Amino acid sequence: MIPVTKPYLPPVEDYQKYIQGIWQRQWLTNNGPLVNKLELKLKNHLNIDHFLYLGNGTVALQIAIKALGLKGEIITTPFSYVATTSSIVWEGCKPVFVDIDEETLNLDPEKIEQAITAETTAIIATHCFGNACDIDSIQNIAKKYNLKVIYDAAHCFGTTYKGKSILDYGDVSTISFHATKLMHTTEGGGVITKDPKIVKRMAYMRNFGHDSPFKFNGVGINGKNSEFHAAMGLCVLENISEILERRKEQSKYYDVILKNLQVRKPTITENCGYNYAYYPIIFENKEMVVKTQKALEKNNIFPRRYFYPSLSTLDYVENPGTPVSDKISSSILCLPLYYDLSAEEQDFIARIMIRTQNYE
Ligand SMILES: *Cc1c(COP(=O)(O)O)cnc(C)c1O
């Protein structure tokens, strides 16, 4: 079976070493030494000021929204994983969809201004598939209308923008370390900000608002993560340059073997150092995706239609009409891409796809 993605598993001996330490210390969670070590390593690795390790990438979005005190309407993308939208609704705000750019698949800045009302407080934009949003334009609009910006950077470990980690942009950036992500900690996530006040607020929020055992600083939630998860993160991080390098090689190889296939790839944004987190391809129409997916599945290959359907079709949000997102959602397919996917397997996938397009 060839799935769309497979979690990277580090050498088991590496993990066992950390587990022995956990047994010795008998400290399993609540801001333990491995959590601290992971936070420090990530800050150094990414060259960022503040990083809080959290339970997952969804609670990261929720804490970011809460910590920035967002209310009313939040402009967001309909082309993302459902957590981007559901977190906004969960925090009592109203998502307002703005359509995406057909090339980059990210929020189209030219369409943002017309969606701003007196109720708008923020923009939550996803750097889709690890490809940078038009950060400069979004920043300018945010400044002009006094809006906060959160980047859902769940896909972005290893992506740079203008030579720095992309996580360094926005009022807050959030990341996911779910097992399916390129850098993972089994479950996990985090928030990144430059603002020391916001990071302090988020640190309280992650731990029920505890200031001391008996004192609370505002409302909080359980957003913490454990020593076991941090241990996995430390092991994976150890191998991250190899993981990134491998993704790049495999992506370049797909480019070669699929060059005669009639599909297009999203355009990488200017100034973006791409992390090759996913391999999305866009077909001419929905029929061709369905046909290709069926042919692959018959051969035990399971690509995924990320992100289908467009989030504008969710039954708990308003749909203002986002034709570009609707069209991309119905005609996109993410091909298998993970650390131990072999060139032979890639060849096999390409052969089936080309045959399907040419002869069936
Ligand atoms: C994975 C993902 C999330 C959620 O992260 P979890 O760690 O699974 O909670 C949010 N946004 C996007 C774009 C994602 O891909």
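Visitor: Which backbone oxygen does the side chain of Ser-173 reach?

Guide: The backbone oxygen of Tyr-169, at 2.9 Å. Before we go on, this is a predicted model, in which local features need pLDDT of at least 70 and side-chain atom pairs count only at pLDDT 80 or more, while totals for chains, interfaces and linings use all residues. Residues are numbered from 1 along each chain as its sequence is written, and side-chain values use heavy atoms, with hydrogens and water left out.

Visitor: Why is Ser-173 called buried?

Guide: Buried means under 20% relative accessible area, exposed over 50%, and partly exposed in between (1.4 Å probe, protein chains only). Ser-173 has 0%, so it is buried. This residue lies in strand 9 (residues 172-176); strands (E, at least two residues) and helices (H or I, at least four) are DSSP runs, numbered from the N terminus. Leaving aside neighbours within four places in sequence, Ser-173 is in contact (heavy atoms within 4.5 Å) with residues including Tyr-151, Ile-166 and Val-191.

Visitor: How do you know that Asp-136 forms a salt bridge with Lys-162?

Guide: The term asks for a side-chain nitrogen of Lys or Arg within 4 Å of a carboxyl oxygen of Asp or Glu. Here the closest N and O atoms are 2.8 Å apart, so the pair qualifies. Asp-136 lies in helix 5 (residues 135-145) and Lys-162 in the loop between strand 7 (160-161) and strand 8 (164-165), so the bridge ties together parts that are 26 residues apart in sequence.

Visitor: Are these two partners buried, exposed or partly exposed, and why?

Guide: Asp-136 has 33% relative accessibility and Lys-162 has 45%. Both values lie between 20% and 50%, so each residue is partly exposed.

Visitor: What makes Lys-164 and Asp-168 a salt bridge?

Guide: Their closest N and O atoms are 3.3 Å apart, so they fall within 4 Å. Lys-164 is partly exposed at 35%, whereas Asp-168 is buried at 12%. Together with Lys-194, they are linked in a network of salt bridges.

Visitor: How many salt bridges does a search of the whole structure find?

Guide: It finds 14.

Technical notes. Polar contact = N/O pair within 3.5 Å; in protein donor to acceptor, adjacent residues only side chain to side chain.
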